[in-house]
Amino acid sequence: MYHPLKLERAEAQLFRATPFTRSKLGSPSSASVMASLACSSCRRCLRHHHLLLLLLLLFLTLSRSSAYGKPPNMHVFSIHDLLPKSACSSPQASDPSKLKVVHRHGPCSPFDEGRKVPHARLLDADQARVDSLHVRASAAAHVDKLRSSSAARIPARTGSSLGTGNYVVTVGFGTPRMDFSVVFDTGSDVTWIQCKPCNDCYAQQEPVFDPAQSSTYATLACNSADCGQLDSHSCSNASTCRYDVEYGDKSQTQGTFARDTLSLSSSDVLPGFKFGCGDTNSGLFGRAAGLLGLGRGSVSLVSQASRKYGLVFSYCLPSTSSSTGYLTIGRGSLSSTKYTPMLTVPEMPSFYFVRLIAIKVGGKQLPISRTVFSTARTLMDSGTVITRLPTSAYAVLRSAFKQKMTQYPPAPALSILDTCFDFTGHTTVSVPTVALVFSGGATLSVDFTGILYVASVSQACLAFAGNDNPDDLAIIANVQQRTYNVVYDVSKRKIGFGAKACS
């Protein structure tokens, strides 16, 4: 940028460098007099100096911008960086204490199910999960009001859960150990896998678990305290405990509540782990063997592993479905991790809530009242795909984002995503930064892979959506959490964000 003071200093240096020489007597030499006369007779010389200096300063400014690689508060990247590759890209060396996290529909997936699932279908399923969450929150709040007024006695907990997730880890069950690929979900408590004998089971990738082949398997009695920890249970004819979970997308699992050894790695083993041995299962689980529950309830993996690892876990979700992340049970936060308080909503005690207080686009805070977020409440969730915001907050975000994307023609909406762009003909793309600001000083500066949901080069959409009602839960979903080490420290009641933890 042109700067008058710098120009004056440059001029002074230039004049000091002009070769005027003096004789020993202090008078100018004939050569210097001629040079002075020539320069004074041609004012154009000064104009040339000014022009050259201005061009030099412009060059230095552009060079400095180029060195930084991008304009401030903008992401500049190749459009192909947003598209998953056909082959899996995984780190050469991996920490054995970390479970590898993969997207169930990408080339790193252990499943051979069709990976080209229509985007509209995935987003519609995501909306079903969100609808279930909103209904559950609304119903729980209504029940809480009824209980407080003693108007009726209605159970505060139900057997429903949120729906099936997108990220998969591999763990071992039984003795000897058998490995199974399961979806992990912070919105669920009960861990379960399909078991023999199956009354009604779907096709899964690995052989179905056979409890009769495990020397450490044992059922739990219907009248046991362990059985009473379930949200919904019943008794079999043999007085064994039966669990029952129905998910928001109409998927469901039923079976025997039992104990067996859970192996996270060769050295991380949990004897007597309580889980569901499902014999009647159906729905949108793909070819996963079951689900790993990471909620805050007493039967979740987090709670059951607390004596050995503390009430802490963390994960990093990969940037695309063709790369890998990790899940760690126990302490494993990065030095760069910034924390925000973990909140508890009494009517939804198993879920992880935070306080979202602001949103920034292109480095500028949007004019959104904090009461908009406090009215809605904000949930951290690994199973929801697209972040949901209060209606008015999303409208402001969408408007600010579109103002900085005018160089790209609009594209048709995609399911729940209404702000889409066509990048056809562009090799590089420039999008504004988006940051989510939480109480306590933590900021999640969304990775560029989490700002857009890219169905194709000709249809890349803002990866946020608005809720229907202003008091519906806001949800920080998994697309916006990509590449961050997200730490859930239940013991200290805080959630942390550490950038660039995985690719």
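These entries record what I looked up on the strands, disulfides and cavity of this structure.

**Basis.** I worked from a predicted model, in which local features need pLDDT of at least 70 and side-chain atom pairs count only at pLDDT 80 or more, while totals for chains, interfaces and linings use all residues. Residues are numbered from 1 along each chain as its sequence is written, and side-chain values use heavy atoms, with hydrogens and water left out.

**Strand 9.** I began with strand 9, residues 241-247; strands (E, at least two residues) and helices (H or I, at least four) are DSSP runs numbered from the N terminus. Five of its seven residues are buried, so strand 9 is largely enclosed by the rest of the structure. I took buried as under 20% relative accessible area, exposed as over 50% and partly exposed as in between, using a 1.4 Å probe and protein chains only.

I then looked up the partners of strand 9; two strands pair if DSSP finds at least two bridges between them. Strand 8 (residues 233-235) pairs with strand 9 in the antiparallel sense over three bridges, and Ser-234 stands opposite Arg-242. Five residues lie between these two strands in their hairpin, where Ser-239 has a positive phi near 60°. Strand 10 (residues 252-263) also runs antiparallel to strand 9, joined by five bridges, with Asp-244 opposite Gln-254.

**Disulfides.** I found a count of seven disulfides, each a pair of cysteine sulfur atoms within 2.5 Å. One of them joins Cys-227 to Cys-241, with the sulfur atoms 2.1 Å apart. Its S-S torsion is about 80°, so this disulfide is right-handed. The pair links helix 5, which holds Cys-227, to strand 9, which holds Cys-241, 14 residues apart. Both cysteines are buried.

I also noted the disulfide of Cys-88 and Cys-108, with an S to S distance of 2.0 Å. Cys-88 is partly exposed at 36% relative accessible area, whereas Cys-108 is buried at 13%.

**Cavity.** On a 1 Å grid over the protein atoms alone, a cavity is a set of points where a 1.4 Å probe fits but cannot get out, and lining residues have an atom within 4 Å of a point. The volume is the space filled by probe spheres set on the points, which are joined across faces, edges and corners. The largest cavity holds about 40 Å³. Strand 14 (residues 325-329) gives the most to its lining, with three residues. I recorded Asp-268 and Tyr-309 among the lining residues.

Methods. On a 1 Å grid over the protein atoms alone, a cavity is a set of points where a 1.4 Å probe fits but cannot get out, and a pocket is an open set with protein on both sides within 12 Å along at least five of seven lines; lining residues have an atom within 4 Å of a point.
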